[in-house]
Amino acid sequence: ALLVFAVPLLIGNLFQQLYNTADSYVVGNFVDTNALAAVGASASVIQMLVGFFMGLSVGAGVVIAQYFGAGQKEKMSQAVHSALALTVLLSVLFTVAGIALTRPLLRAIGVPQEVLPHSTLYLTIYFAGITFLLFYNMGSGILRAIGNSRDPLIYLAVASVLNVILDVLLVCVARLGVAGVALGTMIAQAVSAYLVMRQLIRTREVYRVELKKIRFHRDMIRQILMVGLPAALQQSTAFSNVVVQSYINSFGTAAIAGYSTTIRIDGFLQLVLQSFNMTITTFVGQNIGARKTERVKRGIFIAWLMCSVIIVAGSVWMNREGALLVSLFTDDAAVVANGAAMLKLFSYAYWSLPVVQILSGALRGAGKSSIPMFFMLSCFVVIRQIYLAITVPMTHNLLVVIAGWPMTWVLCAFGMTIYFFRVDWMRGAEKLVQEH
């Protein structure tokens, strides 16, 4: 059951990863190193704002999944329409904030002068179309909450293929450079948003969206925020990455471009983690709603085992073939050397990430979203920044900066494992669903 749900998610996340990977590949091979660095320098800023919204969408998905599992159709419909009302509000806020803050933020994190115009242009266009990304993600989250991970995959596949085609046409034929890959991404995201919202509006199922019903239901918004806000705040780990980006920027364009390719390649393993995280969140939410606690425990272990096998195999490959993978994006020797060294360092600690993602997904599915938030903020923000503030001035070494990731992954995995086995974290979850 987990694989049937997870595999479409995994393939869908693969297509999602192709969005930015295609951008990096095209500009790295057909523009120049500055353009590649520009797309990479923009990534942490995008992750920060979009990650916040994704946390809120997790909250909506958990509430919808629990009501679906409990068979409470009216409550589920209210949760769906409240989630979309929240999406409308945040679309406006993110568009305005993203465009207004792009250049000041890039300056604040020390993007080199030769890269700054490219990064500013890329981010401005990206945020101009961010509404499409938010609606696709919330719409697909609604479908996944009721167990449909196939249709979001189809829509994302269509959009991803379109994005690759547009990147090539707009950069290689129209010669639009960084603006071309940004426009291609925006158009593709608009298509995916249209497809998923069309299904939600046209369906005759209980999750059907009626435009006149899109409004805030106070009780539903409270429940969504109870689960989603901690998950959203947890995404301030992305803010931590913006600060880390400022350290990397101090090492110059080759380091930025190397980091950019590392994150793109790393993203292919991260998508496995994300897929199983979303799977176990929905699985736990539905089974707690149906009061099948023993099935919850078995599902968590099996999800961790499957995820770990894939991650360990991928990390071995990255360790051995890092230089080859980075060279797909650029032939700049300095960039390849930096990227390969970063990937090798990451590979030593990848085994800890299935622990973090499976346990955090399970806790969110049970409505305990504040617990993974605490562990991830503590490790990925507080401890990581303390580590960087102490070690980087002493060494001024690029790999010392990168080591902050694997070190804090391992710490977070140990902390969450101790909590998971020592605390009765499912207590009260069934009662909460019954009360509402």
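A residue is called buried when its relative accessible area is under 20%, exposed when that area is over 50%, and partly exposed in between, with a 1.4 Å probe and protein chains only. The model is predicted, so local features need pLDDT of at least 70 and side-chain atom pairs count only at pLDDT 80 or more, while totals for chains, interfaces and linings use all residues. Residues are numbered from 1 along each chain as its sequence is written, and side-chain values use heavy atoms, with hydrogens and water left out.

The protein has 17 helices and zero strands, where helices (H or I, at least four residues) and strands (E, at least two) are DSSP runs numbered from the N terminus. Its radius of gyration is 21 Å, close to the 22 Å that the globule rule gives for 436 residues, so the protein is as compact as a globular protein of that length; the radius is taken over C-alpha atoms, and the rule is 2.2 Å times the number of residues to the power 0.38. Taken along the principal axes, the box filled by the C-alpha atoms is roughly 60 × 45 × 35 Å. Among contacts (heavy atoms within 4.5 Å) between residues at least 6 apart in sequence, 84% join residues at least 24 apart.

Turning to the interior, 59% of the 436 residues count as buried. In soluble globular proteins, nonpolar side chains tend to be buried together. A nonpolar core is here a set of buried Ala, Val, Leu, Ile, Met, Phe, Trp, Tyr and Cys residues joined through side-chain atoms within 4.5 Å. The largest such core has 71 residues, of which I64, L84 and Y122 touch the most other members, and helix α2 (residues 33–70) gives the most to this core, with 17 residues. Leaving aside neighbours within four places in sequence, L84 is in contact with F135, M138, I142, M197, V209 and I214. Apart from this core lies another, of 61 residues, among them V284, M306, I311 and I371.

A search of the whole structure finds four salt bridges, each defined as a side-chain nitrogen of Lys or Arg within 4 Å of a carboxyl oxygen of Asp or Glu. One of them joins R222 and D219 (3.1 Å, N to O), which both lie in helix α8 (residues 218–234), three residues apart, about one turn of the helix. R222 counts as partly exposed because its relative accessibility is 39%, and D219 falls in the partly exposed class at 28%. K297 and E294 also meet in a salt bridge (3.6 Å, N to O); being three residues apart in helix α11 (residues 293–327), they are separated by about one helical turn. In another salt bridge, D151 pairs with R150, the closest N and O atoms being 3.1 Å apart, and D151 counts as buried at 11% relative accessibility.

Finally, V382, I383, I386, I390, M394, M407 and L411 form a nonpolar patch on the surface, with about 630 Å² of accessible area together. Patches are made of residues with over 30% relative accessible area and no salt bridge, like charges being joined within 9 Å and nonpolar side chains (Val, Leu, Ile, Met, Phe, Trp, Tyr) within 5 Å. The elements that give two or more residues to this patch are α14 (370–395) and α16 (404–422), with the largest share, five residues, coming from α14. I390 is found in helix α14 and, at 48% relative accessibility, counts as partly exposed.

Key
Areas by Shrake-Rupley, 256 points an atom, 1.4 Å probe, with all protein chains shown as cover.
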